[in-house]
Amino acid sequence: MANTILIGMQWGDEGKGKIIDVLTARADLVVRSQGGNNAGHTVIHRGVKYILHLIPSGILRRGKVCVIGNGVVVDPLALVAEIESLRKLGIKVDKNLLISDCAHLVLPYHRILDEQRELRRGRIGTTKRGIGPAYGDKAGRTGLRMSDLIQPIVFSKKLQAKVIENNRILQALGAKPISFREVNETYLAAAKKLRPFVANTVVYLHRAMERGKQILFEGAQGTFLDIDHGTYPYVTSSNTTAGGACTGTGVPPHRMDRVVGVMKAYSTRVGEGALPTEDDQLAQRLHNLGREFGATTGRKRRCGWFDAVATRYSRMINGIDEIAITNLDGLDRVDPIRVCVAYRLNEKRLDVPPCDASQLANCEPVYEEVRGWNASTHASRKFSQLPSAARKYLRYISELTGAKLSMVSVGPARGETITL
Ligand code: GDP
Ligand code: IMO
Ligand code: MG
């Protein structure tokens, strides 16, 4: 397998974890380049459900090296907890994990600030993991990084200044101040556990490429949560699109060989912001089947019809070469199925999503209706075994998106996958 970037083409939770797990078979390294533990990537293997937040999903396969790149924001306590819970499940986390020394830290004041902002008007519906404030400090050039965490004297000094600064802000917001002493102690204890994993991951990745190793870049979130290209301000704080894989790892663009986009056979979103094809009946149907509950926060995901305006734009931004369509089985008993082929705004037809949040919120989807298949796709392992209406639907939404269909997922487990 060539160096591959895997990207969520919608609003996150497209089933990236499941597809990463399948693709990891042919990769040597799996690398995260952005986001933090706001991500929740589900992999089901041999009946066990694993939800990965910070550690690349490749960790579940023996012999693969996983890297947390410089573009990720790392909550040290969450990372220690994730390592320990994987070890309890019998997963090796040792020399097979590296963390960039340049990755920024998520610290307690980031989480509290995130929670405080979410209490106010204009809330984003974040995961409250401190992601926005941590990337804010990074851009403001006042953040602390992994390299600080593993130098106790440096860390304590920088942390003390940050705690003083942030306690003033917390006080103004009416929130409880935090104790430098407690945070310092707890984080230095976590630092001891994380130190063995910290490295210059840029050099590591380049050496691996010189030895012919193949890298899989595991995108987190999705295209419309991208800080630049997403439905701003209802986005996360990193570049979730393909370019983020370069800046977030130090692997240059010309070393990237292909981009695989993952999209659900319908649309979902968690949190605030427009979801043009939102449909409460479809949501209820999926929720009644026990589907579409958030992997990180447990929140009910909002659901809607497949939105080709969105996925076409996503194909353009990310340079998608191949598409993996997941959760086809979610539509097994839905008939008819609607597909959004354009938006209508003030009597005008739009083929691309408008940048402005309130304009997007006012867009009406233009639908085409297609026939459902009213049969289970769950046991299909070849494209030819799918009902003909399902094959037609898959071809239709791939054509509307404009990229080659390469995989179809009909269930959450590794084997429940059709490769074309
Ligand atoms: P990610 O964040 O993109 O990795 O996606 P999540 O793990 O947050 O959410 C995707 C959900 O869909 C998880 O519960 C997966 O186990 C599940 N899933 C993925 N692909 C399929 C599929 O083809 N069929 C079914 N039934 N579930 C799937
Ligand atoms: P994966 O990798 C779905 C959403 C939040 C909120 C917005 C900002 O599992 O696909 P943040 O905590 O990042 O500041 O929240 O982004 N969000 C996600 N939605 N999947 C995710 O990750 C998400 N990570 C963040 O719900 O709307
Ligand atoms: Mg998820």
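Which residue has a polar side-chain atom 3.0 Å from an oxygen atom of ligand 1? That residue is Arg 301. This report describes a predicted model, in which local features need pLDDT of at least 70, side-chain atom pairs count only at pLDDT 80 or more, and totals for chains, interfaces and linings use all residues. Residues are numbered from 1 along each chain as its sequence is written, chains are lettered from A and ligands numbered from 1 in the order in which they are written, and side-chain values use heavy atoms, with hydrogens and water left out.

**The two ligands**

Around ligand 1 there are 18 residues, of which Lys 16, Gly 17, Thr 42, Asp 329 and Ser 409 come nearest. Ligand 2 has 20 residues around it, and the nearest are Asp 13, Lys 16, His 41, Thr 127 and Thr 236. A residue is near a molecule if one of its heavy atoms lies within 4 Å of it. The table gives polar contacts, which are pairs of N or O atoms within 3.5 Å.

| Residue and its atom | Oxygen atom of | Distance |
|---|---|---|
| Gly 17, backbone N or O | ligand 1 | 2.8 Å |
| Asn 327, backbone N or O | ligand 1 | 2.9 Å |
| Gly 125, backbone N or O | ligand 2 | 3.3 Å |
| Thr 236, side-chain N or O | ligand 2 | 2.6 Å |
| Arg 299, side-chain N or O | ligand 2 | 3.0 Å |

**Backbone features**

Most residues other than glycine have a negative phi, and most peptide bonds are trans. Asp 13, however, has a positive phi of about 60°; this residue lies in the loop between strand S1 (4-8) and helix H1 (16-23). Helices (H or I, at least four residues) and strands (E, at least two) are DSSP runs, numbered from the N terminus. The peptide bond from Tyr 232 to Pro 233 is cis, with omega near 5°, and Pro 233 belongs to the loop between strand S10 (215-218) and helix H9 (243-247). A cis bond also joins Asp 335 to Pro 336, with omega near 0°.

**A pair of packed helices**

Helix H2 (residues 76-88) packs with helix H7 (residues 180-194) at an angle of about 45°, and their axes are 9 Å apart. H2 is therefore oblique to H7, since angles under 35 degrees count as roughly parallel, over 145 as roughly antiparallel, 65 to 115 as roughly perpendicular and the rest as oblique. Axes are lines fitted to C-alpha atoms over the stretch in contact, and angles run from 0 to 180 degrees between N-to-C directions. The contact (heavy atoms within 4.5 Å) involves residues including Leu 79 and Ile 83 of H2 and Tyr 187 and Ala 190 of H7.

Definitions and conventions
A polar contact is a pair of N or O atoms within 3.5 Å; within protein, one must be able to donate a hydrogen and the other to accept it, and residues adjacent in sequence count only if both atoms are side-chain atoms.
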